[in-house]
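Trainee: I've got a protein model open and I'm a bit lost. Could you show me how to read it, one feature at a time?

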Amino acid sequence: MSSVTKKAAAAAAAAAEENIDRDNAHSAACNGLEIKEIPGSYGIPFISPIMDRLEYFYFKGQDNFFKTRIERYGSTVFRTNMPPGPFMASNPRVIAVLDAKSFPVLFDSSRIEKKDVLYGTYLPSTKLTGNYRICANLDPSEPNHAKIKQFLLNLLSSRKDQIIPAFRTSFVAPLFAKLESQITSNGQSDFNKLNDKFALEFLGDAYFGSSPSKTGLDLQSNATKWLFLQLAPLISKLIPFCFLEDLLLHTFPYPPFLVKSDYNALYSYFRSVGGGAVDNLATQAGLSREEAIHNLLYATIFNAYGGFKVLLPTILKWLAFSSSNTDLHARIAAEARSAVGGENGQLTITALEKMDLIRSVVYEALRIDPPVQFQYGHAKKDFILESHDAAFQVRKGEMIFGYQPFATTDSRVFGSDAREFVPDRFVGDNGRLLKYVWWSNGPETEDPTVGNKQCAGKDFVVLVARLFVAELFLRYDSFTAVVGKFLLGAQVTFTSVNKAKTKIA
């Protein structure tokens, strides 16, 4: 290409971007929005990020940290520092977007780059992932993103018929048997511990037809330690002395060698049981065997296992809260048993599709309490960002941060009960509100593709969550539980279960 042609192409691209910016400004004007300076401040370098971190984790807490700033600036879009800050993150500065109008910009690949932003303002060492940048840290514009994501999508598709049998055999049957035994002997049962144990068994069985225990391994502690080292900067209230905890968890990254043996144990398992998937599907996608195994490990342990450690206790939390003042348990049980009765007593996909209330309960839990609360991205170019009340100029390179629990409880979308758990909110919705459910890094009404960052296991996660609620109420009429908070999610301790008195219709 000649220098003249290159200059012409560059000029055309610049003109196109300028036209887009004018279009954005025109759109804001048409919506009656004034273009304003983004309110907020980053404060004094080094000192303010540390003070904001302490305020976020200890002095105010997550929700109040954002709520007080919304009130202070009169805006759901503002500048702030996000943890962990010094010395773990070199640049903690973000533009926060906290309403349902501004938040979706984070899914716009034409304006937002998702390179190395999975964890936010800090990035764990690639030594924790076999010296590879795994798919979750790749932007769709990077060539390897399409290869890895296609490999993962193909794996999930190839195992779709194994999910329900594996869930019943490796998760439901042993977990509920253990739960009932513990309640009988101890008067209570820690669901989180049982979930942590059997979720890993289920994932191995569902993905590869071979759970860790079938190979003589117990990988739960290996997986937990590996996850902890990456997520420690986001965790608080683990030890009672806040300043000591802040120093230990949020100031310096832990060296990867602390979990090297744990990661090697996980890798060995995936290399042995995932051989068939890797050899066939990875080759089709153009991936090396080693890179495919490391990505398979990450997707299974970090994304799926880490997600289920949070999601299933969260669903139980809301079901437990609802049990004392509504007939929700009875309604769910009746729906599940009626649907299964029409399938000769079998819980099938067809039966599950008839369970509208259960579907709605799962989506409502994902809306009000998403398992992944944060979204980050860098602006690819200058653009106009719109909230409900104003428009703002964002500059190229600035980091956008979204706190999902605020965006998905926006009263302008979900009404006056937006912050309440409404079990049947999505019954008969047909996508009107589902498009504002973004737990999967994209609207629930859209599908993951190699060209976007939506979770490859989106449909798998929703299916398993619906299966879990259905299985729970096929077995029990109701339950009671004590709910608390633990690390990044809910702690659920069952105190009673009432076995089903009515037979399947």
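**Helices, rings and a sheet**

Mentor: Let's start with helices: helix 11 passes helix 17 in a right-handed crossing. Keep in mind that this is a predicted model.

Trainee: Okay, how do I describe two packed helices?

Mentor: You give the angle between their axes and the distance between the axes. Here, helix 11 and helix 17 (residues 458-475) pack at about 45°, and their axes are 11 Å apart.

Trainee: Now rings. What describes a pair of aromatic rings?

Mentor: The distance of the centres and the angle of the planes. This structure holds 45 aromatic pairs. One of them joins phenylalanine 57 and tyrosine 58: the pair is tilted, at 6.0 Å centre to centre and 50° between the planes. Both phenylalanine 57 and tyrosine 58 are buried.

Mentor: Now try phenylalanine 65 and phenylalanine 66, an edge-to-face pair with 5.3 Å between centres and 85° between the planes.

Trainee: Why does phenylalanine 65 count as buried?

Mentor: Because its relative accessibility is 0%, and buried means under 20%. Phenylalanine 66 is buried too, with a relative accessible area of 0%.

Trainee: Which residue lies over the face of phenylalanine 406?

Mentor: That's arginine 419, at 4.7 Å from the ring centre. Likewise, lysine 197 has its charged end over the ring of phenylalanine 198, 5.6 Å from the centre of that ring.

Trainee: Last one: how do strands of a sheet pair?

Mentor: Through backbone hydrogen bonds, either parallel or antiparallel. In this model, three strands make an open sheet in the order 5-11-10, with antiparallel pairing. Strand 5 (189-190) and strand 10 (476-486) are the edge strands, each pairing on one side only.

Trainee: How many bridges join strand 5 to strand 11?

Mentor: Two, and strand 11 covers residues 489-499. To spot one of the partners, look at serine 189: its bridge partner in strand 11 is phenylalanine 494.

How values were computed
Residues numbered from 1 in each chain as written. Predicted model: local features only at pLDDT ≥ 70, side-chain atom pairs only at ≥ 80, totals over all residues. Heavy atoms only, no water. Pairing = 2+ DSSP bridges. Helix = DSSP H or I, 4+ residues; strand = E, 2+ residues; numbered from the N terminus. Phe/Tyr/Trp six-rings, centres within 6.5 Å; stacked < 30°, edge-to-face > 60°. Buried < 20%, exposed > 50% of the residue type's maximum accessible area, 1.4 Å probe, protein only. Lys NZ or Arg CZ within 6 Å of the ring centre and 35° of its normal. Axes fitted to C-alpha atoms, helices over the stretch in contact; angles between N-to-C directions. Left-handed = near helix turned anticlockwise from the far one by under 90°.
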